[in-house]
Amino acid sequence: MPCAYSSDRKSSKCVSNAAPVSKNVSGSNPVWRALATRSRANQPADEEKEMTEAEKRQYEYHREHQCSNQPDPSKPQTKTMTEREIGRAMFGLQAARSIVSKAYNNLGRRDPYHLRKAQKTFGQPVSFEVLDSHVLRIKSKLESLVMNQNVVAATCDEKRCNDGDHNFVAVTEDNLSSILLCPFFFLQGGRTVATTYIHEAGHMANIDVNWAPGNEKYCRPDDTIECDNICPLTGENLLENVDAWMRLTYCIAMSS
C-alpha cells in the first residue's frame, strides 16, 4: 500500500502492512478478495430470505466495513468504535503486545540464530543492541495505545482508508501520535490485526526516519510471513524498513 510522506518525516501519512483490496479490478489480491462480501443486488432473492438473523448481522457488518463509496470530505472522518469493533481492536492489540514481548524476551537469550536471522533479513551486519533497541521502541508504543484515544476508528469517508478504488487497513497519523483503524481493519484475520499494530507502532517509533517522501516499500504485496525469507527486497536500507522490522519481530517471537 502507498505511504505518502511530506519532506518532514513528522508529517508522514503511513498506511499499514497489507495490500489494499481493489474494488474495481477482478485480479485483486486473493488474500483480500476472499474477504469481500457479495453485493446484495447479486444475491438471489430466495438466498437472501434464507439468511438467519445472525447471518444478516454478519452480512451488514461486512458491508459496512467493505467501503464501496467514494469518500465524502464533508462527512465525519472518524467515529466512536462500537462494542464489537472495540473487541476486535483489543484482540489485535493484545496479540501484538504478546508477540513483541515474546520477541524481546527471546532476544534476551542472545541466541546466535536470532542474530543470523536479523542479518539475513536486513542484508547487513546488525548487533543485539540494535535489535533490543528497536523492538523495545515498538513494544513501548504498543503499550501506550488506548482505544478511542490514540487508537481511533476511521470512517469510509477518510480518504487515507478509502481512496474510492481501494480499501486500506490502518494509517499512522501525521504527527505519529495515533493510529487510525480503517473500516477494513475489522474484517481481517487474527494474525493480520496483530501485525498491523506492530507495523504501525514501528512508524510511531520513527524507525523509518530517513526515508524519502513517498518511497515506503513493503516486503511482500500481502500479509504472508515467511520466516525463511522474511523480506525479499533489494536496494533498500532495510534497517529503516518498518515492514521488515514487523516481520522479523514476528519470526523471532515464533522461533520458540
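1. What pLDDT does the protein average, and what share of the residues score at least 70? This is a predicted model, in which local features need pLDDT of at least 70 and side-chain atom pairs count only at pLDDT 80 or more, whereas totals for chains, interfaces and linings use all residues. Residues are numbered from 1 along each chain as its sequence is written, and side-chain values use heavy atoms, with hydrogens and water left out. The average pLDDT (the predictor's confidence in each residue, from 0 to 100) is 83, and 79% of the residues score at least 70.

2. Where pLDDT is low, the predicted coordinates should not be read in detail.

3. The axes (lines fitted to C-alpha atoms, for helices over the stretch in contact, with angles from 0 to 180 degrees between N-to-C directions) of helix α6 (residues 128-143) and helix α7 (residues 190-204) come within 8 Å and cross at roughly 105°. The contact (heavy atoms within 4.5 Å) is made by I138, K141 and L142 of α6 with Y197, I198, A201, G202 and M204 of α7.

4. E85, in helix α4 (residues 83-107), has 2% relative accessibility and counts as buried (under 20% relative accessible area, with exposed over 50% and partly exposed in between, for a 1.4 Å probe and protein chains only). Leaving aside neighbours within four places in sequence, E85 is in contact with Y61, H65, K79, T80 and F186.

Terms used
Helix = DSSP H or I, 4+ residues; strand = E, 2+ residues; numbered from the N terminus.
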